[in-house]
Amino acid sequence: MLSTTSAQQCPYAPTEDVGAAEARASRAESNGGKPTLSFDKNTPYVDYAGIDTLLSLQNPRTKEPAESAFIIGTQVMELLFALIQQRWEQARDALEVDDVPGAVAWLRSACNAQDVLNSTWGLFSDMTPTQFNRFRDSFGEASGFQSYSYRKLEFLLGHKSAAMIRPHKAMSGVVTDLTDLIERPSLYDAALRLLHRRGLPVPDTSAERDWTEDYEPSAEVERAWTEVYADDRPGNELYLLAEALVDVAERVTRWRQLHLVAVKRTMGGKPGSGGSNGLNWLARNAEKDVFPELWSLRSTI
């Protein structure tokens, strides 16, 4: 959990090492401004980013070319899930120590990653049902529903269910991570706790509750956010926080809708590989509002 100042938390704060910067300048001067071309082993780029390992992870099980795009797209999403989780957790922890500017900065940074995440659905946009059918049987019961990285995001949003930990019971480290997230306040819970501390009419039952339970909308919470929106001056940090949370929520909903369309395009209404009824399951999930009172209040103000 963060316990640092806003400037230290801010993802845009400069932290460049002066000695390293001088070494780079010296290297550029000795190279005559051209890139270094001679290395005794792997290039530093390959070692730093684990490129050899990364490119060894694409192992299609069929000869269908579309399967490679499917695997790479899935892996890119998993990497972005992890990045978004980090930024949402930073925002949550900043809110818990009353650092609203720091939280807003992390939420904006997360939105950038969410935009990239949403764009990855384009990798599947030209996949036809016949192409998908040629490799679908190869992954058996595998389903995005089983992604523990995605489940972490849902828990951080406040959509909690202990039953969703069960698929990962054979992975003790994953169970520990998910249990930690389900037992702690979500990103939205942290925002409501902040409003409560600031004297807004968030009820005690929302500021302190059983964090393992799925979040339920509250008329009192809606009134608290409505008070925040009554002062929409640029200097109102709670108003900026509310809009940053809406930006996050909108992108989550867009991701779910893009998922729904991708499935509809490639397999229609067939049952999902993980045991669900496919489209119907995804459609119900896409209809759920993220941070619900921030949407419902728009009908009353």
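How many aromatic pairs does the count come to? I got 17 aromatic pairs. I keep in mind that this is a predicted model.

**Entry 1: Tyr150 and Trp255**

I looked up the rings of Tyr150 and Trp255 and found their centres 5.1 Å apart. Their planes stand at 25°, and planes under 30 degrees apart count as stacked, so I logged the pair as stacked. I then checked where the two residues sit: Tyr150 is in helix 8 (residues 148–157) and Trp255 in helix 13 (residues 237–267). The pair therefore ties together parts that are 105 residues apart in sequence. Are these two residues buried or exposed? Tyr150 has a relative accessible area of 12% and is buried. Trp255 has 8% relative accessibility and also counts as buried.

**Entry 2: Tyr188 and Phe291**

I turned to the rings of Tyr188 and Phe291, whose centres are 5.0 Å apart. The angle of their planes is 20°, so this pair is stacked. Here, too, the pair links distant parts of the chain, 103 residues apart. I placed Tyr188 in helix 10 (residues 187–197). Phe291 is in the loop between helix 14 (279–286) and helix 15 (293–296). For burial I noted a relative accessible area of 1% for Tyr188, which is buried. Phe291 counts as buried at 1% relative accessibility.

**Entry 3: ring cluster**

Which residues do ring pairs link into a cluster with Tyr150 and Trp255? I listed Phe70, Phe81, Trp121, Phe124, Phe132, Phe135 and Phe139 beside those two.

**Entry 4: negative surface patch**

Which residues gather in a patch of negative charge on the surface? I noted Asp210, Glu213, Asp214 and Glu216. I looked up the place of Asp214, which is in the loop between helix 11 (204–207) and helix 12 (219–229). With a relative accessible area of 35%, Asp214 is partly exposed.

Note on methods
Residues are numbered from 1 along each chain as its sequence is written. This is a predicted model: local features need pLDDT of at least 70, side-chain atom pairs count only at pLDDT 80 or more; totals for chains, interfaces and linings use all residues. Side-chain values use heavy atoms; hydrogens and water are left out. Patches are made of residues with over 30% relative accessible area and no salt bridge: like charges are joined within 9 Å, nonpolar side chains (Val, Leu, Ile, Met, Phe, Trp, Tyr) within 5 Å. Accessible areas come from the Shrake-Rupley method with a 1.4 Å probe; for residues, only the protein chains shown count as cover. A salt bridge is a side-chain nitrogen of Lys or Arg within 4 Å of a carboxyl oxygen of Asp or Glu. Lys and Arg count as positive and Asp and Glu as negative; His and the chain ends are not counted. The place of a charge is taken as NZ of Lys, CZ of Arg, CG of Asp or CD of Glu. Helices (H or I, at least four residues) and strands (E, at least two) are DSSP runs, numbered from the N terminus. Buried means under 20% relative accessible area, exposed over 50%, partly exposed in between (1.4 Å probe, protein chains only). Rings of Phe, Tyr and Trp (its six-membered ring) pair if their centres lie within 6.5 Å; planes under 30 degrees apart count as stacked, over 60 as edge-to-face and the rest as tilted.
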